[in-house]
Amino acid sequence: MSSLSNLTELSMYIAKDLIDLTPIGYVYDAYKQSTQSPSAVNPEMQRAFEKKSTLLGNLKDAFTPEVKLNEKMKSFFETEGFRKDIVIEERPVIGASSLGTNYFTSGYAAIWISSIFVKDSPATATYMIKECAYRIRANSYVVNPTVVSIISIASFILCSSVMTSLPAFLVCCTVAYIANKVVNSITKTNEIKYAIEKSTDKELIAGRNIQSYFVQKYKEAYERDQFWLTPEGEERFEFFLPTRQSIIARFDAEISRRDIKVKAKDFDLTKITKCMGATIEAYNKLVEEVEGTI
């Protein structure tokens, strides 16, 4: 009975992944992002964290807007034309993330940031907020899947005229996958450009240090993971995303353009390494602690 249950679960998981690659999956993703509500964002995980965890301070507070940070970023959001009800929340995440749109204001729009960065490296926290904010400002969470769905539907219609339905469907899914990678690559490039342009000098240096941190970590991990990583500290199969070295070059160009006087200690990675390590450790402990309660 257990084997049958596992097989059924696996089949449903595969079916869901296949649906996600179809135009229907991308359209649904766009709809979901435009109608998101706070209570719909992983409520089981939130309840489990609040009930069981003793980490990261008071986690009930961690799931509510971070008042001081929202006040600090208020003028930036107003100047840049963000919706008035956008919120920044300290959440048990690794680094930062965002969800929602700027245009469809009936849904929830938020930027989640690790409380560890907020406390120990404020410039890094505000840089990450600005980078994540771009996707909300540009409505990327709706525009991107909509564009991908249109491209994949067009490919299916075109292929249907020269081949049977199944091969046409497979081509459609393949085109959707590639289109999604390309569109997200363009978005990633634009969000980095936006964050660099809007950053203060301290945030700019902090943003560069984030990229340097990952290059360093990937170089260290190369010996044990040569299939996925390169000796230069890049992800081998991320063909569509800009390389971290090219991103660092963008930061260096902006630092030079602003004529910022930097010292060696400004590029010291000790603080960000400590913050990132603490964030990952705390997150992993949280997941372990609540495992089985969801």
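**Fold, core and cysteines of a predicted chain**

Among contacts in the chain (heavy atoms within 4.5 Å) between residues at least 6 apart in sequence, 69% join residues at least 24 apart. The structure is a predicted model, in which local features need pLDDT of at least 70 and side-chain atom pairs count only at pLDDT 80 or more, while totals for chains, interfaces and linings use all residues. Residues are numbered from 1 along each chain as its sequence is written, and side-chain values use heavy atoms, with hydrogens and water left out.

The chain has twelve helices and three strands; these are DSSP runs, numbered from the N terminus, with helices being H or I of at least four residues and strands E of at least two. The chain has 294 residues, and 43% of them count as buried, where buried means under 20% relative accessible area, exposed over 50% and partly exposed in between, with a 1.4 Å probe and protein chains only. Its accessible surface comes to about 16,700 Å², and carbon and sulfur atoms hold 59% of that; such areas come from the Shrake-Rupley method with a 1.4 Å probe, and for residues only the protein chains shown count as cover.

Next comes the interior. In soluble globular proteins, nonpolar side chains tend to be buried together. A nonpolar core is a set of buried Ala, Val, Leu, Ile, Met, Phe, Trp, Tyr and Cys residues joined through side-chain atoms within 4.5 Å. The largest one here has 38 residues, and Phe77, Phe82, Ile88, Ile111, Ile113, Phe117 and Ile129 have the most contacts inside it. At least two residues of this core come from each of α5 (67-79), β3 (110-113), α6 (115-120), α7, α9 (165-198), α10 (201-221), α11 and α12. Helix α7 gives the largest share, eight residues. Leaving aside neighbours within four places in sequence, isoleucine 129 touches Leu69, Met73, Phe77, Ile88, Ile111 and Ile113. Another core, of six residues, lies apart from the largest one and includes Val87, Val93, Ala110 and Trp112.

Two loop residues deserve a look. Most residues other than glycine have a negative phi. Asparagine 139, however, has a positive phi near 55°; this residue sits in the loop between α7 (122-137) and α8 (140-160) and is buried, at 16% relative accessible area. Aspartate 259 also has a positive phi near 55°, and its place is the loop between α11 (244-257) and α12 (270-290).

Finally, the structure holds zero disulfides, a disulfide being a pair of cysteine sulfur atoms within 2.5 Å. For cysteine 172, the nearest cysteine sulfur is that of cysteine 173, 5.3 Å away. Cysteine 172 is buried at 2% relative accessibility, and cysteine 132 is buried at 13%.
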